[in-house]
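Student: Can we go through this model together? I'd like to start with the surface charges and then move on to the strands.

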Amino acid sequence: MKIFLSHIIKGQGDFFMEKKLGKKLDRLLTLVIAVILLPLFLTIILQRMKLEDVIYGEQDLWADTEEPIPHKTEQTTDTEQKIIGILAKEIRADAGDEAILAQSVIVRTSLYDAWEKQTDEPVGLTEEEMRALWGEDYPEIRQRLEACTALTKDEVLMWEGDFAYTPYHAMSAGMTRDISTLYEEADMPYLTQISCVEDATAEGSLCVTSMKLEDFIEKCREEFDKAEIKDVSDIAVLSRDEAGYVIELKIGNIEVSGEEFRNRIGLHSACFTLTELDGQIRIVTRGFGHGLGLSQYTAECMAKKGAGYREILAYFYPGTEVKKVGE
């Protein structure tokens, strides 16, 4: 810029004038640089001060975050839509209001817990899938689920300051399972055996199927390819829990959990018996699902008898508390 200006005044015959202008230009450039760099210097100083405050415990690093994470502080519209979609997928539309309210708290708890632990969140139905499922009843059912979600706004199930683990299933075998029989290290005393008398006599609770002996053995060989299975005598139940569910069974030279076996073979639950009869395998299963936590069928029965959703949750998850997010 100095050279450029010197070319402009060249030829005017005033050496001292040129020198005087050069000094003025130097001062101008210095001022311009100061104006440009001053905000940068101030930012660096403030950042350093903030970092020192954090290091020495005088300031919370996230205290002045401009946009707090929505699901940590309140139930947003997007959260409500997720809950409605999950409810649509996981509970019958004709269930009692209190059963749906209980399920909405369970869903919200699972959703917030997934966000906090940064794990996969439960997946629900899309609007298109709900319209296809309910047809002309879509507006009425959608409005009902919206109302249940609104009535339990921000409510979650807590255990000792953390989101409770809230598994549920369609129908038990007459009693829910104690999680400690499956996972000894699990510190979840609220997931214990709960009587569900109605489940034992419910329609669809008992399922009896038969397979040809060779077909059953071949199915086991396909699903458990490392197992050395010669005949049906190589398949045997090793242990059950007090609710009747298979904990472990032997398949050839390997041992698998009852849950893994029922999922691979395609059984309704791990509460099953295997009986060889006239060249066939007779498989009898009781209940539907893993048997942990809330039984949706019993919850619906409780709702019909006048139980409120908090009473239902307290029955299936004893010791937990319903609280609002942020409390």
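Student: Which residues form the negative surface patch?

Tutor: Glu116, Glu160, Asp162 and Asp187 form it. Before going on, note that this is a predicted model, where local features need pLDDT of at least 70, side-chain atom pairs count only at pLDDT 80 or more, and totals for chains, interfaces and linings use all residues. Residues are numbered from 1 along each chain as its sequence is written, and side-chain values use heavy atoms, with hydrogens and water left out.

Student: What counts as a patch?

Tutor: Patch residues have over 30% relative accessible area and no salt bridge; like charges are joined within 9 Å, and nonpolar side chains (Val, Leu, Ile, Met, Phe, Trp, Tyr) within 5 Å. Asp and Glu count as negative.

Student: Is Asp162 buried, partly exposed or exposed?

Tutor: Asp162 is partly exposed, at a relative accessible area of 45%. Buried means under 20%, exposed over 50%, and partly exposed in between (1.4 Å probe, protein chains only).

Student: Where does Asp162 lie?

Tutor: In strand β2, residues 162–163. Helices (H or I, at least four residues) and strands (E, at least two) are DSSP runs, numbered from the N terminus.

Student: What is the strand order in the open sheet with β2?

Tutor: The order is β2-β1-β11, three strands with antiparallel pairing. β2 and β11 (321–324) are at the edges with a single partner strand each, so one side of each has no neighbour in the sheet. Two strands pair if DSSP finds at least two bridges between them.

Student: How many bridges do β1 and β11 have?

Tutor: Four, and β1 covers residues 155–159. Leu157 stands opposite Val322 of β11.

Student: What about β8 and β9, how do they pair?

Tutor: β8 (residues 272–277) and β9 (residues 280–286) are antiparallel, over six bridges. Phe272 is opposite Thr285 in β9. The two strands make a hairpin with two residues between them, and Asp278 in the turn has a positive phi of about 50 degrees.

Student: Switching to salt bridges. How many does the structure hold?

Tutor: It holds 16. The criterion is a side-chain nitrogen of Lys or Arg within 4 Å of a carboxyl oxygen of Asp or Glu.

Student: Which residue meets Asp113 in one?

Tutor: Lys117, at 2.5 Å, N to O. Both lie in helix α5 (residues 97–117), four residues apart, which is about one turn of the helix. Asp113 counts as buried at 14% relative accessibility, while Lys117 is partly exposed at 48%.

Student: And what does Glu259 pair with?

Tutor: Arg177, with the closest N and O atoms 3.4 Å apart. This pair links distant parts of the chain, 82 residues apart: Glu259 is in helix α10 (residues 258–265), and Arg177 is in the loop between β3 (168–169) and α8 (197–200).

Student: Are those two buried or exposed?

Tutor: Glu259 and Arg177 are both buried. They also belong to a network of salt bridges with Asp241 and Arg262.

Student: One more. Where is Ile91?

Tutor: Ile91 is in the loop between α4 (77–90) and α5. Its relative accessible area is 10%, so Ile91 is buried.

Student: How far is Ile91 from Gln296 in space?

Tutor: They are 7.8 Å apart, C-alpha to C-alpha, and 205 residues apart in sequence.

Key. Areas by Shrake-Rupley, 256 points an atom, 1.4 Å probe, with all protein chains shown as cover. Charge placed at Lys NZ, Arg CZ, Asp CG, Glu CD.
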